[in-house]
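Here are my notes from going through this one, point by point. Have the viewer open while you read.

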Amino acid sequence: MSWLLRAAAEPTLSYYQSQGGYEALKKALRMSPQEVVEEVKRSGLRGRGGAGFPTGMKWAFAKADPKEPRYLVANADEGEPGTFKDRFLMERTPHLLLEGMVIAAWALAARQGFIYLRGEYTAPYRALQRALQEARQAGFLGRDILGSGLDFDILVHRGAGAYICGEETALLESLEGRRGQPRIKPPFPVNQGLWGQPTVVNNVETLANVPLILQMGAEAWSRIGSRDCPGPKLYSVSGQVLRPGLYELPMGSTLRELIYGHAGGLRPGRALKAVIPGGISSPALTPQQLDVPMDFPSLQRAGSMLGSGAVMVLDDTVCMVGACLVAMEFFERQSCGKCTPCREGTGWLRAVLQRLEEGRGSADDLELLSDVARNIAGKSFCPLGDGAAVMLLRALERFGEEFQKHTRGRCPLKDRVAS
Amino acid sequence: MRPLSPQALREALRGLGQAYPRRQALLLEALHLAQAQWGWLGPQALEAVAQALGLPRAEVKGVATFYDLFEFKPPGRHMVQLCSSLSCMLQGAGALQEALRERLRLSPGHSSPDGRLSLKLTEGLGACDRAPVMMLDGELYGPLAEEEMMRLLEACR
Ligand SMILES: Cc1cc2nc3c(=O)[nH]c(=O)nc-3n(C[C@H](O)[C@H](O)[C@H](O)COP(=O)(O)O)c2cc1C
């Protein structure tokens, strides 16, 4: 099965076109911009960056704002630990992203697009620069694209190492040349984004689905995947499985299928302890929850979230306290410092987790952890703090016994997380 | 190394300028270029960037220090970025950190005593399927075993 990865064998324009590339753009340019928005709405595409917001609706909001110019931004920051799908897309099939962006620009009447690229992504940077040059030469970017009257070009804007810059308003700050701290919402970027202008921010994988929708037609595209959350989905699988990798499956495939059917299952003699289904900010699930469909609504009902679709598999050699400690160290380092609950709270949580892990904790520490976490959840300025608090609260609920054990002595593992 | 003058920086940024309505948007790219030139962002580099973009130096410094990839002291000749995310820690990145400390006296945020290597722990390199991963001077290696890592680093002069 391959949709997004259909032309991933080679990154060149000639190969992409040999697989039907840029035909969707030609089709879109024969439609009116409004018809393109309607088609994307009809498909039911939901944003793949983490929040699952309906893409067609986002575009319609931006279009409804009369201010000009409008901007289009591809969020290629891909900072969520465990995630490597956007990197794969940009390195292996960069024209799919570019084609999606040109179609979006037509729909939105945007003249300038940006790809906000994670600073560590050196190979994708080179791949994108090459693809942009090819697309300009072929007339898919630049002035009067394919005779449509659309003028549109794309600039790659390199980030410089800051997880928070994946959050869309922090990203906009960073793109404008400032510290990447989130903005208050509302106003939303669709009304006041870059330099106060209407701006659509979409994840790379979201935009990569747009050519598919146009080419297949919204109805056919939406027959892939879950009925209320359709389309193909790229799942990044890492951790303790035999075949970690990127798997493209219909949205709503189960964790069981993914882990045992595709990723080769666990190492011999190991048993499953936990699965983190959507990147480090998504609460871990237990082995009893393996039949949950991997889509936005189903994972929410299961007390977690799809997030970026980054599945991390933890076997029975893993210490959950150690795993939470690694996660919390990350949140503490990457908290942007803007709001007190997140800036101070993540540091407290890390310190308490650390003493538990080192056998210096006490029975009161578990109460303290949930108290501090509850004072971050719902009180932080942006979802970074919430993510940190909720993943820990759920771990305390679901893996409480292991935390209890740590109040009575040192963790038996030599390495911090796994053996 | 020949220092990058504000004029040369402005020249290097000229092609990008039209996409942005405000000059400050060029700041991250200017810092990347300056760091590529000098290897780190010392007072001289920050001053050149501030002048090239017509921004206050405090603003330039304030922005630069927000981001993990910028260096504010001279790094070793080779940059080692070892991933410390959970995916890599699950696959033994902790032991690699330990090996660097014990065998090369290399600790996160510092350079080796001989000035050859600098170590930075990163939050992820987008290659979690190849865990544990390391980036050495911009090239990715993984899945990485301890002896292979040592061999790669010994080869850095
Ligand atoms: C802390 C934090 C980090 C985020 N990181 C990313 C990211 O790396 N890539 C991404 O596309 N979205 C990220 N998001 C989600 C964006 O804010 C935004 O919802 C998304 O880019 C919208 O695109 P979509 O509608 O296509 O999903 C992050 C959100 C938060 C709160």
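1. A quick definition before the interface: two residues are in contact if their C-beta atoms, placed from the backbone, lie within 7 Å. On that basis, 46 residues of chain A are in contact with 36 residues of chain B. Keep in mind throughout that this is a predicted model.

2. Which elements of chain A supply the side that touches chain B? At least two residues each come from β3 (153-158), α8 (168-175), β7, β8, β10 and α13 (320-334) of chain A. The largest share is that of α13(A), with five residues. Sorted by class, the side of chain A that touches chain B has 21 nonpolar, 15 polar and ten charged residues.

3. Now chain A as a whole. Its secondary structure comes to 17 helices and ten strands. The radius of gyration of chain A is 22 Å, and the globule rule gives a close 22 Å for 419 residues, so chain A is as compact as a globular protein of that length. Along the principal axes, the C-alpha trace of chain A spans about 75 × 45 × 35 Å.

4. Of the 419 residues of chain A, 57% count as buried. Take the contacts in chain A with a separation of 6 or more: 70% of them are accounted for by residues 24 or more positions apart.

5. Domains next. Chain A is divided into domain 1 (13-222), domain 2 (229-315) and domain 3 (320-406). The centres of domain 2 and domain 3 of chain A, taken over C-alpha atoms, are separated by 23 Å. How many residues are in contact between domain 2 and domain 3 of chain A? Nine residues of domain 2 are in contact with eleven residues of domain 3. The side of domain 2 that touches domain 3 divides into five nonpolar, four polar and no charged residues.

6. β7(A) is worth a zoom. This strand covers residues 232-239 of chain A, and eight of its eight residues are buried. In a regular strand the side chains alternate between the two faces of the sheet. Here both faces are covered: Pro232(A), Leu234(A), Ser236(A) and Ser238(A) are buried on one side, and Lys233(A), Tyr235(A), Val237(A) and Gly239(A) are buried on the other.

7. What are the pairing partners of β7(A)? One is β8(A) (residues 245-250), which runs antiparallel to β7(A) and is joined to it by six bridges. The two strands form a hairpin with five residues between them, and Lys233(A) stands opposite Leu249(A) in β8(A). β7(A) also pairs with β10(A) (residues 310-315), in the parallel sense and over four bridges. In that pairing, Gly239(A) stands opposite Val313(A).

8. Last, the ligand. Which residues are the closest among those that surround the ligand? Of the 22 residues around the ligand, the closest are Gly47(A), Gly49(A), Gly166(A), Asn203(A) and Thr206(A). β4 (199-203) and α16 (383-398) of chain A each supply at least two residues of this shell, and β4(A) gives the most, with three residues. By domain, the shell draws at least three residues from each of domain 1 and domain 3 of chain A. By class, the shell residues divide into seven nonpolar, nine polar and six charged.

Methods
Residues numbered from 1 in each chain as written. Chains lettered and ligands numbered in written order. Predicted model: local features only at pLDDT ≥ 70, side-chain atom pairs only at ≥ 80, totals over all residues. Rg over C-alpha atoms; globule rule 2.2 N^0.38 Å. Buried ≥ 20, exposed ≤ 12 C-beta atoms within 10 Å, placed from the backbone. Pairing = 2+ DSSP bridges. Domains from an automatic or database assignment. Nonpolar A, V, L, I, M, F, W, Y, C, P; charged D, E, K, R; others polar. Near = placed C-beta within 6 Å.
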